[in-house]
Amino acid sequence: MTDANGWLPPNFTPGDYGRATAAEIKPTSSLAWWQVCAPDGSNGSLDPEIHTVTEHEDGTITVTPSLDFSKRRAGAYHGFLTRGIWS
């Protein structure tokens, strides 16, 4: 899932989520964003203009509204990530 600081590892797998950083591309950048990989392997970055990410004290997150990858690929994941649980 994520490392001890909540950062996403470079090779994430279905069900993973976490912060990503542009420092991996440009070391002087402080730009960071959330990445998710749905249970079916659909993945992408969360757009802060569309999604709100709530970080919980146990390290899990809740994303609202739903995550809809079916707009890009028919039949792809469309559901919720609530307290780290995909549904």
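Predicted model: local features only at pLDDT ≥ 70, side-chain atom pairs only at ≥ 80, totals over all residues.
Residues are numbered from 1 along each chain as its sequence is written, and side-chain values use heavy atoms, with hydrogens and water left out.

Salt bridges, then. The rule is a side-chain nitrogen of Lys or Arg within 4 Å of a carboxyl oxygen of Asp or Glu. The count comes to 3.

Take Arg19 with Glu55. Their closest N and O atoms are 2.3 Å apart. Arg19 sits in strand 1 and Glu55 in strand 4, so the pair ties together parts 36 residues apart in sequence. Strands here are DSSP runs (E, at least two residues), numbered from the N terminus.

Next, Arg73 and Asp40. Here the closest N and O atoms are 3.8 Å apart. Arg73 is in the loop between strand 5 and strand 6, Asp40 in the loop between strand 2 and strand 3. That puts them 33 residues apart.

Then Glu57 with Arg83, closest N and O atoms 3.8 Å apart. Glu57 is exposed, at 72% relative accessible area. Arg83 is partly exposed, at 41%. Cut-offs: buried is under 20%, exposed over 50%, partly exposed in between, with a 1.4 Å probe and protein chains only.

Where do the parts of the lining of the largest pocket come from? Strand 3 and strand 5 each give two or more residues. Strand 5 gives the most, with 4.
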